[in-house]
Amino acid sequence: MRAFPATLVAAVCTVALAACAQTAPPGVPVAAPSAEPSPTTTWKSDAPVTLQVGAPADLSQTRGLSKAVVTVESITEKASCPTGAAKPQNGQFIAVKLSATRLDTSEGFGMAVYQWAALDNKGKTVVSNTGLATGLCVTDGSALKLAWDASGRAAGTLLIDAPTTVTAITATNTMVNPNVTVTLAMPAR
């Protein structure tokens, strides 16, 4: 068996890792990311993150959240399932329309696959199988997708199975430890 010199192995590993680096596809503009916080800066997600309908929010310095400017375009209670393929199990469907513009070179808009839930008026979290409900009901291409479009944007609708006493919608990134949750404030009734 022949041993390879350590410098050759290190050089091959460096080249291989460099080849894996992600960049935006040709012709796709990427907004300049905000400066990375210094070691003494507190990440915004250390405090609660709440998104208001119609107000763009830059999440670029938020640990564990999409590096994007995200806007909750609308939240509609008592939404229907256009195809009729699903019925709400918790009381009602809520349609959440989001839009986002990426601020990094990520390949997908992570919020599309976060764990979505609703908080009822007693503070109980009711987890929704948003992917299933949205996939069964929103089949016209307007569902929120994980992939960014060619311009570095994502937009679409999610259907959330929620109680009729809903007070807020949450989106939790369970792929980071500790988990990070964003709250979507319900519009005034």
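Visitor: Which strands do the buried residues of H2 pack against?
Guide: In this predicted model, the residues of H2 that are buried include Thr130 and Ala133, and Thr134 and Cys137 are buried as well. Viewed down the helix axis, these buried residues fall within an arc of 95°, so they line one face of H2. The partners against which the buried residues of H2 pack are S4, S5 and S7.

Visitor: Is Thr130 buried or exposed, and which residues does Thr130 touch?
Guide: Thr130 has its place in helix H2. The cut-off for a buried residue is under 20% relative accessible area, and Thr130, at 6% relative accessibility, therefore counts as buried. Leaving aside residues up to four places away in sequence, the residues that Thr130 touches are Trp116, Leu158, Leu159 and Ile160.

Visitor: In what order do the strands of the antiparallel open sheet stand, and which strands are at its edges?
Guide: This open sheet is formed by 4 strands with antiparallel pairing, and their order is S2-S3-S4-S7. Strand S2 (57-58) and S7 each have a single partner strand, so one side of each is left without a neighbour in the sheet, and the strands at the edges are S2 and S7.

Visitor: What angle does the direction of H2 make with that of S7?
Guide: H2 packs on this sheet, where the helix touches S4 and S7. The direction of H2 makes an angle with that of S7 of about 105°.

Visitor: How many residues of S7 are buried, and which residue of S7 stands opposite Gln92?
Guide: S4 and S7 pair in the antiparallel sense, with 10 bridges between them. S7 is mostly covered, since the buried residues number 8 of its 10. Opposite Gln92, the residue that stands in S7 is Ala162.

Visitor: At the other end of that sheet, which residue in S3 stands opposite Asp58?
Guide: S2 and strand S3 (residues 68-79) run antiparallel and are joined by 2 bridges. Opposite Asp58, the residue in S3 is Val69.

Visitor: What is the strand order of the open sheet with mixed pairing, and what is its average twist from one strand to the next?
Guide: The sheet with mixed pairing is open and has 5 strands, in the order S1-S9-S8-S5-S6. From one strand to the next, the twist averages 30°.

Visitor: How many bridges join S8 to S9, and which residue in S9 stands opposite Asn173?
Guide: Strand S8 (residues 168-173) and strand S9 (residues 180-185) run antiparallel, and the number of bridges that join them is 6. The residue in S9 that stands opposite Asn173 is Val180.

Visitor: How many aromatic pairs are found in the whole structure, and is the pair of Phe109 and Trp148 stacked or tilted?
Guide: A search of the whole structure finds 1 aromatic pair. The ring centres of Phe109 and Trp148 are 5.3 Å apart and the ring planes stand at 50°, so the pair is tilted.

Visitor: How far apart in sequence are the parts that this pair ties together?
Guide: Phe109 lies in the loop between strand S4 (92-102) and strand S5 (115-119), and Trp148 in the loop between helix H2 (130-137) and strand S7 (153-162), so the pair ties together parts whose separation in sequence is 39 residues. Phe109 counts as buried at 0% relative accessibility, and Trp148 also counts as buried, at 10%.

Visitor: Is Glu107 buried or exposed, and how far is Glu107 from Ala147 in space?
Guide: Glu107 lies in the loop between S4 and S5, and at 60% relative accessibility this residue counts as exposed. Glu107 and Ala147 are 40 residues apart in sequence, while their distance in space, C-alpha to C-alpha, is 6.5 Å.

Key:
Residues are numbered from 1 along each chain as its sequence is written. This is a predicted model: local features need pLDDT of at least 70, side-chain atom pairs count only at pLDDT 80 or more; totals for chains, interfaces and linings use all residues. Side-chain values use heavy atoms; hydrogens and water are left out. Rings of Phe, Tyr and Trp (its six-membered ring) pair if their centres lie within 6.5 Å; planes under 30 degrees apart count as stacked, over 60 as edge-to-face and the rest as tilted. Buried means under 20% relative accessible area, exposed over 50%, partly exposed in between (1.4 Å probe, protein chains only). The arc is that of the directions from the helix axis to the C-beta atoms. Contact means heavy atoms within 4.5 Å. Two strands pair if DSSP finds at least two bridges between them. Axes are lines fitted to C-alpha atoms, for helices over the stretch in contact, and angles run from 0 to 180 degrees between N-to-C directions.
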